[in-house]
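User: Hi! I have a protein chain on my screen and would like to walk through it with you. Could you take my questions one by one?

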Amino acid sequence: FWTLDRGPSHFARGGASFNQPLGPIAIYTNPAALADLKGLQLNLDANTILDMRSFIRADHNVGTEAKPTLRTYAPSENQTGWGLPSPGVFISYNLATLGLETLSLGMAIYGPPKVDVSYPEGITCVDNQECTGSQRFSLIEAHNLQIHGAFAAGCALPWWGLNIGFN
């Protein structure tokens with residue numbers, strides 16, 4: 001599934017702000033857009049995801065041909081609620097005070113949207129028996145935390161309204 005990434009302009013525009021992000025979040029999405037920012041800009045944010053995935057094992061026959069017994073299973077649900085948020089700090093500065101109006105620099109420390117999952121190890125049948133067998137998902141538990149750092153620059157070119165950027 002897709003999330004809207006970082007910054008208020010992404011959420012306000014439904015993710016359609018890669019072309020012209022409004023603020024230093026440009027470090028993350030489009031460093032060339034830094035050139036259009038003026039002065040000192042700061043963006044602080046945090047995000048987390050409430051992952052409510054669940055899986056249901058397919059029913060199957062556990063009896064014999066003479067006495068078939070259909071076993072049904074309860075859903076296996078992610079037991080992790082809201083986790084700690086993934087922080088983001090984005091800062092940019094236009095160098096107009098140094099006579100370089102077309103150049104902006106930025107730096108950021110951020111993490112991707114954070115999702116933790118934890119599923120029960122056993123499978124519970126609908127009749128509350130403990131059932132054995134393989135799980136219907138590929139993991140039991142996963143917790144992650146990533147921190148990324150970036151330095152970026154954006155410069156307005158003197159022709160055709162073009163900007164270049166790098167990070």
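Predicted model: local features only at pLDDT ≥ 70, side-chain atom pairs only at ≥ 80, totals over all residues.

User: Is I147 buried or exposed?
Analyst: I147 lies in the loop between β11 (141-142) and β12. Its relative accessible area is 52%. The cut-off for exposed is over 50%, so I147 counts as exposed.

User: Which residues form a nonpolar patch on the surface, and with how much accessible area together?
Analyst: I147 is one of the members of this patch. The others listed with I147 are L42, L44, V89, I109 and L145. Together, the accessible area of L42, L44, V89, I109, L145 and I147 is about 620 Å².

User: Stepping back, how many helices and strands does the protein chain have?
Analyst: Of the 167 residues of the protein chain, 34% count as buried. The accessible surface comes to about 10,300 Å², and 60% of that belongs to carbon and sulfur atoms. As for the elements you asked about, the protein chain has 2 helices and 13 strands.

User: In what order do the 5 strands of the open sheet come?
Analyst: In general, strands of a sheet pair through backbone hydrogen bonds, either parallel or antiparallel. Here the pairing is antiparallel. The order is β1-β6-β7-β12-β13.

User: Which are the edge strands?
Analyst: Look for strands that pair on one side only. The twist averages 15° from one strand to the next. The edge strands are β1 (40-47) and β13 (163-166).

User: How many bridges join β1 to β6, and which residue stands opposite L44?
Analyst: β1 and β6 run antiparallel, with 8 bridges joining them. L44 and V89 also both belong to the nonpolar patch on the surface. In β6, the residue opposite L44 is V89.

User: Is N43 buried or exposed?
Analyst: N43 has its place in strand β1. Leaving out residues up to four places away in sequence, N43 touches G7, P8, P24, I25, G88, V89 and F90. Its relative accessible area is 10%. The cut-off for buried is under 20%, so N43 is buried.

User: What is the C-alpha to C-alpha distance between T48 and P87?
Analyst: T48 is in the loop between β1 and β2 (54-55), and is partly exposed at a relative accessible area of 25%. Beyond residues up to four places away in sequence, T48 touches W82, G83, L84, P85 and K114. T48 and P87 are 39 residues apart in sequence. In space, their C-alpha atoms are separated by 9.1 Å.

User: Which residue in β7 stands opposite Y93?
Analyst: Y93 is found in strand β6 (residues 86-95), and is partly exposed with a relative accessible area of 33%. Strand β6 is joined to strand β7 (residues 100-110) by 8 bridges, running antiparallel. The one standing opposite Y93 in β7 is L105.

User: Which residue in the turn between β6 and β7 has a positive phi?
Analyst: β6 and β7 form a hairpin with 4 residues between them. The positive phi in that turn is about 85°. The residue that has it is G99.

User: What about the hairpin of β12 and β13: which residue there takes a positive phi?
Analyst: Strand β12 (residues 148-156) and β13 pair in the antiparallel sense over 4 bridges, with G154 opposite G165 and C155 opposite I164. The hairpin has 6 residues between the strands, and one of them takes a positive phi near 60°. Most residues other than glycine have a negative phi. The residue with the positive value here, other than glycine, is W160.

User: And is W160 buried or exposed?
Analyst: W160 lies in the loop between β12 and β13. Its relative accessibility is 73%. With the cut-off for exposed at over 50%, W160 therefore counts as exposed.

Terms used. Residues numbered from 1 in each chain as written. Heavy atoms only, no water. Pairing = 2+ DSSP bridges. Axes fitted to C-alpha atoms, helices over the stretch in contact; angles between N-to-C directions. Buried < 20%, exposed > 50% of the residue type's maximum accessible area, 1.4 Å probe, protein only. Contact = heavy atoms within 4.5 Å. Patch = residues over 30% accessible without salt bridge, like charges linked within 9 Å, V, L, I, M, F, W, Y side chains within 5 Å. Areas by Shrake-Rupley, 256 points an atom, 1.4 Å probe, with all protein chains shown as cover. Salt bridge = Lys/Arg side-chain N within 4 Å of Asp/Glu carboxyl O.
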